[in-house]
Amino acid sequence: MSEHLGRKRRLRQRILWVYSLPTLLASILCFIAFVMYLRSFLLESAYTESRKTLVQLTESFEKSINSYVAPFKDFQKKIQVRQPKNSSIRWELLSFPSRKAIIVDTYYGSSDGAYISGKGLKLDPGHAEPRTKAWYLEA
């Protein structure tokens with residue numbers, strides 16, 4: 001009888017190893033695959049949402065910047081077309097910031113090296129040549 005019980009026990013162990021272990025391994029692999037898919041899905045979703053938000057912020061910022069740039073472009077064209085004398089250009093430069101609260105000062109540098117500030121500010125004595133300044137070169 002003990003031999004019969006021993007066989008039964010070995011058969012149970014064999015069945016356990018043959019059926020239960022592969023099922024357990026398959027379950028673990030399915031769980032790992034699900035976690036990786038879920039992680040990938042969540043990261044992709046977060047990336048897409050972040051991208052949408054960034055695009056919206058960028059468009060909003062560009063619209064805001066363009067609302068400030070447009071008056072400058074109009075003012076620049078006005079000054080370039082009229083090429084006013086030093087006395088009248090100073091008045092133009094001084095009056096432009098008063099129309100826009102965010103602007104502190106406007107200035108003008110001519111091709112002959114003249115520099116005029118709306119508020120009467122002067123360039124540093126060591127760097128008094130406006131034609132070498134970045135704002136002049138970009139214009």
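Colleague: How many helices and strands does the secondary structure of the protein chain come to?

Modeller: The protein chain has 3 helices and 2 strands, taken as DSSP runs numbered from the N terminus (helices H or I of at least four residues, strands E of at least two). From the N terminus on, the order is α-α-β-β-α. This is a predicted model, in which local features need pLDDT of at least 70 and side-chain atom pairs count only at pLDDT 80 or more, while totals for chains, interfaces and linings use all residues. Residues are numbered from 1 along each chain as its sequence is written, and side-chain values use heavy atoms, with hydrogens and water left out.

Colleague: What share of the residues counts as buried?

Modeller: Buried means under 20% relative accessible area, exposed means over 50%, and partly exposed lies in between (1.4 Å probe, protein chains only). Of the 139 residues in the protein chain, 16% are buried.

Colleague: Now the side chains. How many aromatic pairs does the structure hold?

Modeller: Rings of Phe, Tyr and Trp (its six-membered ring) pair if their centres lie within 6.5 Å; planes under 30 degrees apart count as stacked, over 60 as edge-to-face and the rest as tilted. There is 1 aromatic pair in this structure. Tyr37 and Phe41 are stacked, at 6.3 Å centre to centre with 20° between the planes. Both residues lie in helix H1 (residues 2–82), 4 residues apart, about one turn of the helix. Tyr37 counts as exposed because its relative accessibility is 55%, whereas Phe41, at 47%, is partly exposed.

Colleague: And which side chains meet in a salt bridge?

Modeller: Side chains of opposite charge can pair when their charged atoms come close. The rule asks for a side-chain nitrogen of Lys or Arg within 4 Å of a carboxyl oxygen of Asp or Glu, and the count comes to 1 salt bridge. Glu49 and Lys52 form it, at 3.9 Å from N to O. Because they are 3 residues apart in helix H1, about one helical turn separates Glu49 and Lys52. Glu49 is partly exposed at 45% relative accessibility, and Lys52 is partly exposed at 46%.
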